[in-house]
Amino acid sequence: MPNIETTITSLIYLFVGINFAFALNILLFAPKIFNTIIWVISNFVGIFGILLINYSPNDNLISQNVGISVLIFSGILKSFSFSSKNILQKRYLTGNILLIFSVIFSIIILLDSFFYFRRVYFYAGLLCVNLASFVFLFENRLWRGLKQRNIALSIYVLNTIGILIVIFRSIPFDPADQLINTTLTNVNNFVALNIASVSVQLVFTSLILGHVNRKEWVQSRVKTRLQERTVLQEKILFETAALSNERENFIKMLTHEIRQPLNTAQAALQSISQYILKIEKNTSVHRKLKHTISVLNSITLSISNSIIGASLISNHRKSEFQVINVSDVAQIAFLDINPADQPRFSLTLEQEYIHAEADPIILRLAIRNLLENALKYSPKETPITLEVCTSETDLAVLFKVKNFFIDKEMLSGDIFLRNTRIADKRYGGEGLGLFIASEVAKIHNGSMTYKIVNKEVIFTLQIPA
């Protein structure tokens, strides 16, 4: 029947056109992932298989066998398109077993020279491929949460039912029945094949589209949250900067309103003390003035430590580095010592001029804290030395304070941490002295260390030269 043959040929070409069109569309517009690449390959393999069957002479069984096996192999590749790269995962076990059966059916078709029950083997292979696709589609987490997934599963259920109907209608099976023959039933089968092909192509395309849309939505959501987080961080930074400026202004006010009057009173008392000393030595008034000056020195140092310490702890103090003569800074810090205690101290300068880039204010405070620390934690009347020298090896300036110690246990642990030594009330203090000296060293990219030699301890503040 020529009309039926023409119709079947047309349906075969329609099958080829459907597969080619969708393959080209996916190749041009879909993302290049494992699933889409395998799908495109399967479409071209299916085109090759159906054309090989169509153009094979009826007496060329080998060519027909290869064509049908290739067509089943095309379906196997489509099944893999619904899975992930790791096809050997346990959740894919059922699908893999079904594909093994489809491979067995295609091998039987390929090796059977007489090609008995060719239609039965072909439809059995398609049935296994269809069920394997359902399993992969159901188990692959890539498709979970997509609305298209439920539609795709429904389509494969309908395709499975359709294949089963075709198989049952072929009973009793004819060993010599060909896959393509000129019967109206075969025309209907090819119509069903094209409908199934279109539905499967649409299903896969919609799944890929859904996956792309979800990925873009997630990326957009992440981008939006990052923007919100950035805005929030900028707001926090702005508020923190405002609080920091407010605190810095408050510290400056404390510096001017509290420390300056104390310095003025200290200078006035020293002048009065020197005047009284000229008139009469060792009077009770002179001794009281010396004690008052000593107390004012301690108060001034305590306030300076609290102000600078607060700035260092909050890490908001802006260091003002400049090239200075550190020997001058050491001498000024040396003169900050209470005059009554100065006889215990000695100052050694390696050179009269030792230049370095430093912040003179906090460097002076650090040296003074080291001297006051030596005075506080050393036996009375024992000598204390301050040495300023350079290290050619380290290209650094060293401030070394050496003194005898009262209690070696006071040097245990990390004594440069804040409030480490405040626990021992015998010596007083706020526990900020060594902490500030250590922080000043860090600000200058230097170091603060100590070592014990016999009954003496040597604290070394090192800054780059």
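**Exercise 1.** Work out whether aspartate 336 is buried or exposed, then find its salt-bridge partner.

*Solution.* Start with the cut-offs: buried means under 20% relative accessible area, exposed over 50%, and partly exposed in between (1.4 Å probe, protein chains only). Aspartate 336 has a relative accessible area of 15%, so it's buried. This is a predicted model, where local features need pLDDT of at least 70, side-chain atom pairs count only at pLDDT 80 or more, and totals for chains, interfaces and linings use all residues. Residues are numbered from 1 along each chain as its sequence is written, and side-chain values use heavy atoms, leaving out hydrogens and water.

Next, the partner. A salt bridge is a side-chain nitrogen of Lys or Arg within 4 Å of a carboxyl oxygen of Asp or Glu. Aspartate 336 makes one with arginine 364, at 2.8 Å from N to O. The two sit 28 residues apart: aspartate 336 is in the loop between α9 (326–335) and β2 (345–349), arginine 364 in helix α10 (residues 360–376). (Helices are DSSP runs of H or I, at least four residues; strands are runs of E, at least two; both are numbered from the N terminus.) Arginine 364 comes out partly exposed, at 34%.

**Exercise 2.** Find where glutamate 439 and lysine 442 lie, and sort each by accessibility.

*Solution.* Both belong to helix α11 (residues 433–443), three residues apart, or about one turn of the helix. Now sort them: glutamate 439, at 15%, is buried, whereas lysine 442, at 52%, is exposed.
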